[in-house]
Amino acid sequence: MKRLGLWAISIAALAVAVPIATAGENEGRCTLATLNGQYLFNGTGTLFPPAFGVTSASTGTSAGFHIFNGDGTGTDFVAFSINGTIVVPSSSTPITYTLNPDCTGTYQVPSAGSAGLNFDIFVAIDGSALITIETDPGAGAIFWGPQPRVGFDR
């Protein structure tokens, strides 16, 4: 009986000492540093007036890459066309982003127009890819994804 009591105390001590994982505990551990490096993108979307100055439904197409610095800042290198006409030749512009622990966040191009361009982002937990969708009212359906990471700035 004495051994049984010691055994029970040992098991109880172990149970207290070993942390118990709860459901979802290891899910979503993104930080700003999760996005780090170069990410390629291209996309086509429908633009509705008055987005980008169009007067009727139009097709917008873009290609380029993001450089995320791992600290909420970065640079976009992008070319953009409307109905097949280049309206933004290949250029670079600063960007900012936020990233929540659940790997959702926001991405902004502050210098684009009066209010900039604003997107929601969804990021792979290891930072290997992301998807974006524009959230500006009346902008149309501009989305890009998946956008794979193709290099690191390390």
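This report describes the fold, strand pairing, disulfide, core and aromatic pairs of a predicted model.

## Overall fold

The protein contains one helix and eight strands, and along the sequence these elements follow the order α-β-β-β-β-β-β-β-β. Among contacts with a separation of 6 or more, 43% are made by residues 24 or more positions apart.

## Strand pairing and hairpins

Strand β3 (residues 73–82) and strand β4 (residues 85–99) run antiparallel and are joined by nine bridges, with Ser81 standing opposite Ile86 in β4. These two strands form a hairpin with two residues between them, and in the turn Asn83 has a positive phi of about 50°.

Strand β4 also pairs with strand β5 (residues 104–109), again in an antiparallel arrangement, through four bridges, and here Leu99 is found opposite Gly105 in β5. The hairpin of β4 and β5 has four residues between the strands, and Cys103 takes a positive phi near 70° there.

## The disulfide

The structure holds one disulfide, which joins Cys30 to Cys103 with an S to S distance of 1.9 Å. The link of Cys30 and Cys103 is right-handed, with 90° about the S-S bond. It connects distant parts of the chain, given that Cys30 sits in the loop between α1 (2–17) and β1 (36–47) whereas Cys103 sits in the loop between β4 and β5, 73 residues apart. Both Cys30 and Cys103 are buried.

In soluble globular proteins, nonpolar side chains tend to be buried together. The largest nonpolar core in this model has 14 residues, of which Leu35, Phe68, Leu99, Tyr107, Ile121, Val123 and Leu130 touch the most other members. Strands β4, β5 and β6 (117–123) each supply at least two residues of this core.

Tyr107, one of those core residues, has contacts that can be listed apart from its neighbours within four places in sequence: Tyr107 is in contact with His66, Phe68, Asp76, Ile95, Thr96, Tyr97, Leu117, Asn118, Phe119 and Ile121.

## Aromatic pairs

A pair of aromatic rings is described by the distance of the centres and the angle of the planes. A search of the whole structure finds five such pairs. In one of them, the rings of Tyr39 and Phe68 have centres 5.4 Å apart and planes at 80°, and because an angle over 60 degrees counts as edge-to-face, this pair is assigned to that class. The pair links distant parts of the chain, with Tyr39 in strand β1 and Phe68 in strand β2 (residues 58–69), 29 residues apart. Tyr39 is buried, with a relative accessible area of 0%, and Phe68 is likewise buried, with a relative accessible area of 1%.

Phe65 and Phe77 form a stacked pair, 4.8 Å centre to centre with 25° between the planes. Since Phe65 lies in strand β2 and Phe77 in strand β3, this pair ties together parts that are twelve residues apart in sequence. Phe65 is partly exposed, with a relative accessible area of 24%, and Phe77 also counts as partly exposed, at 31% relative accessibility.

Ring pairs also link Tyr39, Phe68, Tyr97, Tyr107 and Phe119 into a cluster.

Terms used. Residues are numbered from 1 along each chain as its sequence is written. Side-chain values use heavy atoms; hydrogens and water are left out. Contact means heavy atoms within 4.5 Å. Two strands pair if DSSP finds at least two bridges between them. A disulfide is a pair of cysteine sulfur atoms within 2.5 Å. Buried means under 20% relative accessible area, exposed over 50%, partly exposed in between (1.4 Å probe, protein chains only). A nonpolar core is a set of buried Ala, Val, Leu, Ile, Met, Phe, Trp, Tyr and Cys residues joined through side-chain atoms within 4.5 Å. Rings of Phe, Tyr and Trp (its six-membered ring) pair if their centres lie within 6.5 Å; planes under 30 degrees apart count as stacked, over 60 as edge-to-face and the rest as tilted.
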